[in-house]
Amino acid sequence: MPSAQRVRWAKLRTASVCIASASILAVMFYLLTGGTLLEQKAKLYLYVNDATGISLDSPARVDGIGVGKVTALDLTGLKDTSRVVRITMTVERDRLPSIPADSWAQLSSDSLIGDKYVDIQSGTSSGHVTPDSTIEFRPQADIFKTIDIPQLEAQLRTADVVLSQLEKGQGPVGQFVVSDDIYNKLRQRIGEIDQLVRQAADTKGAVGQALYTDKLYQRMRAPIVEIDQALARIQSGQGTGGQLLRDSAQYEQLRDVIRNLRQSVAEVHQSEFLQSDRLYTEWNRNIAGLIQKVDEVNAGPMFTTPEMYDSLNGFAKEMRDSVKDFREDPRKFLRLKVF
């Protein structure tokens, strides 16, 4: 028979294991419930005309963030068609300050066939909702009421015509789908491009030599090397440019020339011709006198009557005839006079 001490020790171990197991279960249950088991809750109400798709435990979200769930669905019995069903939502009390008082809600779903949830949209009010507040409900627009059926029918007819043309091979797209002409042309173009690429890759061609040899590089490098060498010669003091950079004598000489030129320009500017009108007046007087002399000669008998011209013209003719006779028979003009 075990002693009393061993029995007490066994009871103590059993009690310790039970307490540890209960603590672990409590922590697991707390974590599985999202850590909100002990947090204070608040109820919010929403009156709708139809709660189809909403069930108990449906999520309640504020701007897409989950804040609670639906805990009750009740018929109000009111004659107002917009307040047929009352949805009771249980939300965390510490989330109430983030829900403005003018917020509104609608029943939304994640997909066309998915379960619905209460979608609360935040307002702009500075105050927030309080426990047992009622959220304004704004029903979503019926998609079938917003569709223009005649316009949709016209678009479907247009699509049917386009599909019929494609089936008959009409148009570029139809020809591409039905026949292989465009495909063959495309293959031909691709073949031409491939041939051009092969020619470019051939080292015997001009493009290939430019890509795979250093001829083009050498042609581009040669002028750069010449410029570098010219700069090196100038830097070392060779040539006129180098001497101009190394020796200041040419620079001083150029400065003297420019200084003398400026002095000459200043002297010309200070001359009497530019500073006074006397020379200009005398030149103008001389030119006017010369013009007058020319006018007098032009008005003389030599240019106004034909006698002088006729006399000169007759003399020129006689001289021409005499020279002609002398050339034809010079002996006629050679006369010996015997005494």
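## Close-up views of a predicted model

**View 1. Leu 107 and its contacts.** Leu 107 touches Leu 46, Val 48, Asp 50, Ala 51, Ile 54, Ile 87, Lys 116, Tyr 117, Val 118, Phe 137 and Gln 140, when residues up to four places away in sequence are left out. The model shown in this and the following views is predicted. Leu 107 also belongs to the largest nonpolar core, where it is one of the residues that touch the most other members.

**View 2. The largest nonpolar core.** This core consists of 23 residues. Those touching the most other members are Leu 46, Val 48, Ile 87, Met 89, Leu 107 and Val 118. Two or more residues are given to the core by each of the strands β1 (41–48), β2 (59–62), β3 (65–75), β4, β5, β6 (116–121) and β7 (133–137).

**View 3. Ser 103 in a loop.** Ser 103 is located in the loop that lies between β4 (85–92) and β5 (104–109). Is this residue buried or exposed? Ser 103 counts as buried because its relative accessibility is 2%, and the cut-off for buried is under 20%. A polar atom of its side chain lies 2.8 Å from the backbone oxygen of Pro 100. Leaving aside residues up to four places away in sequence, Ser 103 touches Ile 120, Gln 121, Ser 122 and Gly 123, together with Ile 135 and Glu 136.

**View 4. Ser 108 in strand β5.** Ser 108 is part of strand β5. With a relative accessible area of 8%, Ser 108 is buried. Its contacts, not counting residues up to four places away in sequence, are Asp 115, Lys 116, Tyr 117, Asp 119 and Gln 140. How far apart are the C-alpha atoms of Ser 108 and Ile 54? They are separated by 9.6 Å, while the two residues stand 54 residues apart along the chain.

**View 5. Arginine residues over tyrosine rings.** Arg 61 lies over the face of Tyr 117, at 4.2 Å from the ring centre. Arg 83 is placed over the face of Tyr 47, and here the distance from the ring centre is 3.9 Å. Aromatic pairs, by contrast, number zero in the structure.

**View 6. Gln 165 in helix α3.** Gln 165 is found in helix α3, which covers residues 149–168. Gln 165 counts as partly exposed, because its relative accessibility is 35%. Gln 165 and Gln 175 are 10 residues apart in sequence, and their C-alpha atoms are 9.6 Å apart in space.

**View 7. The chain as a setting for the close-ups.** The chain has 13 helices and seven strands. Of its 339 residues, 13% are buried. Among the contacts in the chain with a separation of 6 or more, 52% join residues 24 or more positions apart. The chain exposes about 27700 Å², and carbon and sulfur atoms supply 59% of this area.

Methods. Residues numbered from 1 in each chain as written. Predicted model: local features only at pLDDT ≥ 70, side-chain atom pairs only at ≥ 80, totals over all residues. Heavy atoms only, no water. Helix = DSSP H or I, 4+ residues; strand = E, 2+ residues; numbered from the N terminus. Buried < 20%, exposed > 50% of the residue type's maximum accessible area, 1.4 Å probe, protein only. Polar contact = N/O pair within 3.5 Å; in protein donor to acceptor, adjacent residues only side chain to side chain. Contact = heavy atoms within 4.5 Å. Core = buried A, V, L, I, M, F, W, Y, C linked by side-chain atoms within 4.5 Å. Phe/Tyr/Trp six-rings, centres within 6.5 Å; stacked < 30°, edge-to-face > 60°. Lys NZ or Arg CZ within 6 Å of the ring centre and 35° of its normal. Areas by Shrake-Rupley, 256 points an atom, 1.4 Å probe, with all protein chains shown as cover.
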